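Work through the exercises below with the structure open. Each task is followed by its solution.

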Amino acid sequence: MSDTAPQAFATLPLKPELLSNLETLGYHTMTPIQQAALPPILAGEDVVGQAKTGSGKTAAFGLGLLNRLRVGRFCVQSLILCPTRELADQVANELRRLGRGIPNVKVLTLCGGTPLGPQAASLEHGAHILVGTPGRVQDHLSRKTLDLNTLELLVLDEADRMLEMGFQSELDYIVARTPAERQTLLFSATYPDEIQQVAESFMHQPRMVQAAATK
Ligand code: ADP
Ligand code: MG
C-alpha cells in the first residue's frame, strides 16, 4: 500500500548529525510507529504512541529528545521512566547509540539495585538525559539528590507495564515535580482505560498515534 510505504528519516527536520549517525547505524527508513509519532513529537506536541514490542518505539522518542537537546546547557533536560532496570539499561544504551553523532551527550540511569550514594554523586556531576525506574527516581527526588526544575521532556515508556506493576503513585509524585510546560510522551504496547486516565491527567491535548498490530 502506498500510504504505508516506508519513508526515509531524511524527510524529517532532524539535526544533520543525527541523520548521518542513523545512516551509520543502518537505520534508513522509519518503522510505522516512528513515521506516525516523529512529526508531532518534533513539532513539540504531547504524543501517546501505541505499538507492539519490537516496533522501534525507543528511537521514536529518542530522536525526539536528542533533536531538542542543547548539549551546551548541562542540566537534566529529559527523563525517561521505564518499568524495570533491564528496560532502562536497554533504553539508555539505545539513546547512547542514537546520540553518537552529537559529542558529549551524558545519559545516566537511575535504577534500584544500585547503592543510592554513588548514584547521588553521579547526579551531582550532572547529566542531560536520565533513564530510570519510578521507585528510584522518586527516592532521589524525596532525598533532594535530584530536582527536575530544568526538565523539558518527560517520557513514560511501557506505561501499561508501569501501571500493572503498581507504579501509579510514584508516577504521580514524579510528574508533580516537573515543570508544567514540559512536553510529555507516553508509549505503550496496549491501551487500557488506565492509560487513557494517565494520558488525561499528565498530558496536554495528546496526539494519539498507533501502528497497526499486523505488518
Ligand atoms: P520497542 O520499544 O517498540 O519494543 P525498540 O525500540 O526496542 O522496540 O526497537 C526494536 C529494534 O529495532 C531495536 O533493535 C532497534 O535498534 C531496531 N530499530 C528501531 N528502529 C529502527 C529503524 N528505523 N531501522 C532499523 N532498525 C530499527
Ligand atoms: Mg520499548
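**Exercise 1.** Over residues 7–35, what percentage of the chain is helix, what percentage is strand, and how far apart are the end C-alpha atoms?

*Solution.* The model is predicted. Start with the record: an unreviewed UniProt entry lists residues 7–35 as "short sequence motif: Q motif". Next, the secondary structure: this stretch is 48% helix and 0% strand. Last, the ends: their C-alpha atoms are 7 Å apart.

**Exercise 2.** Which residues are around ligand 1, and which helix gives the largest share of the shell?

*Solution.* List the residues. They are Tyr27, Met30, Thr31, Gln34, Ala51, Thr53, Gly54, Ser55, Gly56, Lys57, Thr58 and Ala59. Sort them by type: four are nonpolar, seven polar and one charged. Then assign the shell to helices. Helix 3, residues 57–68, supplies the largest share, with three residues.

**Exercise 3.** Describe how helix 2 and helix 3 are arranged, then find the residues where they meet.

*Solution.* Two packed helices are described by the angle between their axes and the distance between the axes. Take the distance: the axes of helix 2 (residues 32–42) and helix 3 come within 9 Å. Take the angle: they cross at roughly 20°. Helix 2 is therefore roughly parallel to helix 3. The crossing is right-handed.

Now the contact:

- Helix 2 contributes Ile33, Gln34, Ala37, Leu38, Ile41 and Leu42.
- Helix 3 contributes Lys57, Ala59, Ala60, Phe61, Leu63, Gly64 and Asn67.

Sort the contact residues of helix 2 and helix 3 by type: nine are nonpolar, three polar and one charged.

Technical notes:
Residues numbered from 1 in each chain as written. Chains lettered and ligands numbered in written order. Predicted model: local features only at pLDDT ≥ 70, side-chain atom pairs only at ≥ 80, totals over all residues. UniProt positions renumbered as here; feature names shortened; annotations may be inferred. Helix = DSSP H or I, 4+ residues; strand = E, 2+ residues; numbered from the N terminus. Near = placed C-beta within 6 Å. Nonpolar A, V, L, I, M, F, W, Y, C, P; charged D, E, K, R; others polar. Axes fitted to C-alpha atoms, helices over the stretch in contact; angles between N-to-C directions. Parallel < 35°, antiparallel > 145°, perpendicular 65-115°, else oblique. Left-handed = near helix turned anticlockwise from the far one by under 90°. Contact = placed C-beta atoms within 7 Å.
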